[in-house]
Amino acid sequence: MKHVTRKATRHVNQNEALIFEKSSPGKAAWRLPPLDVPDVDTSKLLGSAERKDLGQMPEVSEIEIIRHFTRLSTWNYAIDLGMYPLGSCTMKYNPRVNEVVSRLEGLANGHPYQPERVSQGALRIMKVLSECLLEITGMDAITLQPAAGAHGELTGLLMVRAYQQSKGNPRKKILIPDSAHGTNPATAAMVGYDVEKMQSNARGMVDVAALTAQMNDEVAALMLTNPNTLGVFEQEIHKIAEIMHAKGGLLYMDGANMNALVGKVRPGDFGVDVMHLNLHKTFSTPHGGGGPGSGPVAVKKFLEPFLPKPVVITKPDGTLAFEYNRPQSVGRVRAFYGNFGMFVRALAYTLANGPDGLRQTTEDAVLNANYIRKGLEGIYDLPYSTPTMHEVVFSDKLQARRGVKTMDIAKRLIDYGFHPYTTAFPLIVPGALMIEPTESESKEEMDLFIQAMRSIAEEVEEDPQLVLDAPHSTRVSRLDEVAAARKPVLRWKPAN
Amino acid sequence: MPYPTEFKYNKEHEWIKADGKNATVGITNYAQESLGDIVFVELPKVGSEIVAGKTFGSVESVKAVSDLYAPASGAVTEVNGELATAPEKINKEAHAAWLIKISLKNPSELNSLLSAQDYEKFVSEEAGN
Amino acid sequence: MKNRQSSIVNRKFPMRYLPKSPSDREAILKAIGARSINDLFASIPAEYRLERDLKVPRQMAESEIVDWFRERSRENGDGYATFLGAGAYYHYRPVIIDSLISRGEFLTAYTPYQAEISQGTLQSIFEFQTMICELTGMEVANASMYDGSTAAAEAVMMAVRLTGRRSAVVANSLHPEYREVLATYAHHQSLPLTTTSFTDSGRVNLKELEKLVTQETACVLIQSPNFFGTIEDVAAIAEIAHKQGAMLVVSIAEAISLGIVEPPRQADIIAMEAQSFGVPLGFGGPYCGVIATREQYVRQMPGRLVGQTSDKNGKRGFVLTLATREQHIRREKATSNICTNQALVALMVNIFMTIYGKIGLRELAKQNLAKTNYAAQQFGKHAKVLFPSAPRFNEFVVQTSEDPYAINSRILGHKIVGGLPLKKFYPELGNAALWCCTELTTRTSIDTAVGLVAESERLVKSAKQEADVQEVAR
C-alpha cells in the first residue's frame with residue numbers, strides 16, 4: 001500500500017466452510033423435553049401426508065454453530081466497526097437499549113390476535129410512536145402497517161389512487177424526478193400508474209417551469225424526495241406544492257432523507273400531502289444485513305379515511321383498540337399490524353433523544369456532511385454547488401481521466417478500513433460518489449475518511465492500477481459477478 | 001470497427017439484414033460494448049409479432065438491462081437458441097450472433113433505417129458526448 | 001413555557017449517541033466557514049423553519065426507557081400461556097439465536113452490495129436459500145420477502161407474469177388476512193380473483209375448483225396446512241390446476257409442519273412464512289416471508305438472491321445476483337418494488353434450522369402433532385371438533401354452544417389465552433374457535449382449557465334442559 005492507513009490493519013481471521021460441509025449424522029444441537037401427553041403414531045395420523053426424509057438438512061453440534069456464525073460475522077463490516085458513508089441509507093448508531101426493550105417478554109411474546117384487554121401495552125407503544133411521528137412530520141394521521149420504505153410507497157400511492165378515485169378520476173400518471181430512488185418508479189408501476197420522468201434543472205432540483213408544463217389533470221401525484229438525492233433542499237417546495245394542488249394533484253414525499261429535517265422543519269408544513277418514513281434509516285432501527293425495515297405512512301387529514309385497516313383508536317373508557325370499520329380504507333398491505341419490533345426500537349430512540357436530542361442529531365448530520373464536502377472539494381468533482389444538507393454527491397470526473405471510476409475508488413476505500421459510499425447513484429450524476437456520514441460520526445472518524453479519500457485521489461494520479469485492482473486486503477478479491485449471473489448457483493448441492 | 005454494409009441500423013443500436021422477404025436481427029458492436037458482459041437475453045417466442053419501433057425483448061448485463069427495439073415489423077420465424085446458454089457470444093461477435101429471424105411484414109420500412117456509414121457517424125457523435 | 005424550560009435544562013446533558021464535543025462542533029464550523037449551525041439550514045425557507053421544540057416526550061435516561069417499556073410489557077399479557085396460532089406461532093427459541101444475531105457484525109451490517117466485506121451475510125443467506133429448498137422440495141429460494149402475506153401476493157403476481165394470464169383462483173381456507181392483502185395488490189393490477197370454498201373435511205372443494213379453473217387462470221392459490229390446520233390434498237389440486245395450464249401456488253404459514261408433513265412438491269411456487277423458525281411472535285412483526293420455486297422461473301422471482309461464484313484467485317465467494325430483476329436497476333419494469341428485505345430475521349430462521357436440522361425438525365414437529373392430537377381428543381369429548389376426516393398438523397377448530405369470546409374471558413382469568421374466535425372471519429362456522437398447540441403448550445393448560453369448555457357445555461346443556469322442562473311444564 002502506498003499510503004499508510006491509520007484506520008485499519010490486516011489481521012488473521014478464521015476460514016469457515018458451508019454448514020453442510022460440516023454436517024455428519026449423529027450430531028445434534030437441540031434437545032426437547034419429554035412429552036407430557038401421549039406420543040403419536042405419525043403414519044396413522046398423517047397417512048400419505050407424512051414426510052419421512054428431510055434430505056440434506058444439516059446435523060451439527062452447538063459449538064460448531066456458534067463458531068460457524070461467529071466466524072462468518074468477522075467477515076462483515078458493520079456500523080459497530082466504523083463509518084458507512086452510504087448516501088440516503090442513514091447508517092447511524094443502532095442503540096442497544098432498543099434491543100433490550102424489544103425483548104421484554106410481554107412485547108416479544110405478544111400474539112397479534114390476543115384479546116385487546118391484554119394488548120394495551122402494544123397498543124400504547126403504537127399510539128405514542130404514532131403521535132411522535134406525526135409531530136415530527138407535521139402530518140395529521142398515520143399508518144404503521146407497511147413493512148419497509150418501498151412498502152410504504154406502495155401504501156401511499158394506493159391512498160393517492162383511492163383519493164383520486166373518490167374525486168371521480170384515478171388519473172393515469174405519476175411524476176418522478178430523474179434523481180429518484182428506483183423504488184419510486186417500481187412502486188408507481190405496481191399501483192397501475194404510468195411513470196413520467198421529470199428532468200432536474202441545472203442545480204439538480206425540480207425544474208419548476210417544466211413541472212408547470214407537465215402537470216395536468218392526468219397526473220395523480222408527484223413523488224418527491226426532499227432533500228433530494230443530491231442532499232439539496234428543494235427551496236421552491238412551496239411553488240411545487242401549489243402547482244400540484246392547483247390542478248388536483250397530490251404531493252408525495254419519500255421520507256428517506258428525513259435525517260436532514262427532524263426538528264428543523266416539517267414536511268406537513270411545506271405542503272406534503274402524504275409521505276413515508278424509514279424507521280431503519282432516520283429512527284435507528286438496525287439494518288441487520290438488509291432488513292427488516294419499517295415504512296410508516298403519514299397523511300394529511302383529507303387522506304385519513306383511506307388509511308389501511310385497522311387503525312388504533314381510543315375507546316370512550318380510555319382503553320386502546322383496533323378499529324376495523326373503515327369503509328374507505330385501501331385495505332390491508334400485510335397481515336397483522338406492521339413490524340412491531342421496529343416500533344419498539346424507534347420509540348426507544350425517540351425517548352432517548354427527546355426534542356433536544358432529535359434537533360441536535362439533525363444538526364450534527366448536516367454539519368458532518370458539510371465537513372466532508374469541505375474536506376473533499378477540489379479533490380473530487382462537485383457537480384452541483386447548491387448547499388448540502390445531510391449528504392453530498394461528488395462525481396469521478398477528475399479520476400475518470402486516468403481510467404478510474406467511482407466503483408474502483410469505492411473498492412480501494414475498503415483497504416483503508418471503510419465501507420464504500422453509494423456508487424453510481426443518483427443516475428443524474430454520471431459516476432456518482434454519494435456520501436452521507438450521519439450524526440454518528442466523530443470528527444476523528446471523519447478526518448480518517450477524508451484522509452483516506454485524499455490519499456486515494458493521489459494514488460489515482462500516481463499509481464492508478466493499485467486502485468483499479470482494489471481491494472487488496474479482503475478475504476476475497478473482486479468476485480466474478482458475470483459468472484454468477486450467467487450460470488446462477490443459488491444453493492449448495494452435495495457432490496455426488 | 002467497420003459496420004457491415006449489407007446491414008441496416010436503427011438508432012437503438014440494432015442491426016437488420018434483409019434477405020428478400022426475410023430478415024435477421026441483432027445488436028451492434030457498439031451496443032455490446034456499452035452493456036459489458038452480457039448475462040441473459042430475453043427474446044420473443046416463434047410466431048409472435050414484432051412491430052417496428054416497439055420493444056421485442058431485452059438484453060441484460062450484470063448492472064443493466066437494455067430493451068431491444070424492432071428495426072422492422074414482422075413475425076418471428078426463428079430464435080437463436082445458443083444465446084440461452086451462451087449469451088457471451090454477443091460480446092464476442094455482435095454482428096454474427098443474431099437474435100431472431102423474422103418474415104418482413106413491410107419490407108419498405110428498411111428504407112428509413114440508417115446505412116452502415118450513417119450509423120457509424122451516429123455512433124461517433126454519441127460516443128463523443 | 002414549561003416545555004421550553006425543561007428543554008433548556010436538558011441542554012446541559014450531551015446526547016450520548018452523538019460523538020462530538022462542543023469544541024469539535026466549533027472546529028468543524030470554522031473549517032466549513034459557517035458562523036453557526038443555522039447557516040447550514042439557510043436553504044430552508046424561513047417561513048417553514050421550526051423555531052420551537054418538537055412536542056415529543058422529554059429526553060429519558062436509559063433506566064427510564066427500560067422502565068417505561070417494562071410497564072408496557074406488563075400491560076401486554078406478560079407470562080400468559082397461549083393457544084393462538086392463525087399465522088403466528090409460539091415456539092421455543094434456542095438461546096444461541098439471539099447470542100449470534102446480536103453480534104454487531106450481523107445486527108448493524110448493511111445490505112451486502114459490497115460483497116468483499118459482506119461475506120458473512122452472503123454466505124449465511126446462501127445457506128438459508130439451500131435449507132429452504134431442502135425443506136420445501138423446490139429448486140431455488142430467495143433471501144426473504146416481508147412476510148407470508150406479501151409473499152403470497154407477490155407469488156400470484158409472479159404466476160401472472162409467467163403465464164401471461166390475468167386471473168387467479170384463491171382458496172377460502174387461505175388465511176383471511178392473506179386474502180385481504182392479495183385483494184389489495186390484485187385490485188390495482190386489475191386482476192380478478194375467484195374464491196373456492198372448503199368441504200366439511202376442511203379441505204378445498206375439488207369439484208368446485210374444477211369448475212372455477214379455466215384457460216384464463218394464472219394460478220390456484222391454496223394454503224397447506226390451511227388456516228384451520230388441515231392438510232390439503234395438494235396432488236389433486238395440482239392436477240386440476242395444471243390440466244388447464246394454470247400454476248399452483250402454495251402458501252405455508254406454519255413452517256414447523258415441514259418437519260413432518262410432506263411439502264407440496266407439485267407446487268410451482270411456494271410462498272411461505274418462516275416465523276415459526278426462531279422468530280419471536282413480537283405482536284405481529286417483523287416476520288420472514290420466503291418465495292421458493294423451480295429454477296426455470298428464477299428470473300421472474302422478486303426479492304434478493306445470493307449466488308455462489310469465485311474471485312480472480314479462484315476462491316469461493318458469494319454475491320447478490322440476478323439483480324437486474326430488482327428496482328434499483330429495472331425501476332418501473334422491476335419484478336417488484338421490494339428493496340429492504342428481512343435479512344436479520346432470515347438469519348434467525350437460518351440459525352434455527354441449523355440447530356434443529358435433519359432430525360430435530362422432525363422431532364419438534366412430532367411433538368406439535370402429539371400435543372395437538374391430545375388436545376383435539378380432549379376437546380372432542382365435550383364439544384365438536386370440526387374437520388375430523390382429513391389429517392391436520394398443529395391447529396384445529398372447536399365448535400361450542402356458547403360464544404367462544406365468553407369462554408375465553410373465563411380462560412383468560414387463568415392467565416391462558418384461548419383459541420381464536422372465528423366469527424369475524426367465518427361466520428358460517430357459528431361459535432367456532434381456532435386452537436393451536438405447539439411443543440410449548442403444557443398438558444396442564446390443555447386440561448384447564450378443556451375443563452372450562454366442558455363446564456360451558458354442561459351449563460348450556462342444563463340451561464337448555466331446564467328451559468325444555470319449563471316448556472313442557474307450561
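Biologist: Which residue in strand 6 of chain C is the bridge partner of C:Gln223?
Modeller: C:Ser251 is the bridge partner of C:Gln223. Keep in mind that this is a predicted model.

Biologist: How many bridges join strand 5 of chain C to strand 6 of chain C, and how do the two run?
Modeller: Five bridges join them, and the strands run parallel. Strand 6 of chain C covers residues 247-252.

Biologist: What do strand 5, helix 10 and strand 6 of chain C make?
Modeller: These three elements of chain C make a right-handed β-α-β unit, with helix 10 at residues 234-243.

Biologist: In what sense do strand 3 and strand 5 of chain C pair?
Modeller: In the parallel sense, over four bridges. Strand 3 of chain C spans residues 167-171. One residue to look at is C:Ala168, whose bridge partner in strand 5 of chain C is C:Cys219.

Biologist: Is strand 5 of chain C mostly covered or mostly open?
Modeller: Strand 5 of chain C, residues 217-223, is mostly covered, with seven of its seven residues buried.

Biologist: Changing topic to chain A. How many helices and strands does it have?
Modeller: Chain A has 15 helices and 12 strands. Its radius of gyration is 26 Å, close to the 23 Å that the globule rule gives for 496 residues, so chain A is as compact as a globular protein of that length.

Biologist: What box do the C-alpha atoms of chain A fill?
Modeller: Roughly 75 × 70 × 45 Å, along the principal axes.

Biologist: And how much of chain A counts as buried?
Modeller: 59% of its 496 residues.

Definitions and conventions. Residues are numbered from 1 along each chain as its sequence is written. Chains are lettered from A and ligands numbered from 1 in the order in which they are written. This is a predicted model: local features need pLDDT of at least 70, side-chain atom pairs count only at pLDDT 80 or more; totals for chains, interfaces and linings use all residues. A residue is buried if 20 or more other C-beta atoms lie within 10 Å of its own, exposed if 12 or fewer, and partly exposed in between; C-beta atoms are placed from the backbone. Two strands pair if DSSP finds at least two bridges between them. A crossover is right-handed if, with the strands pointing away from the viewer, the path from the first strand over the helix to the second runs clockwise. The radius of gyration is taken over C-alpha atoms; the globule rule is 2.2 Å times the number of residues to the power 0.38.
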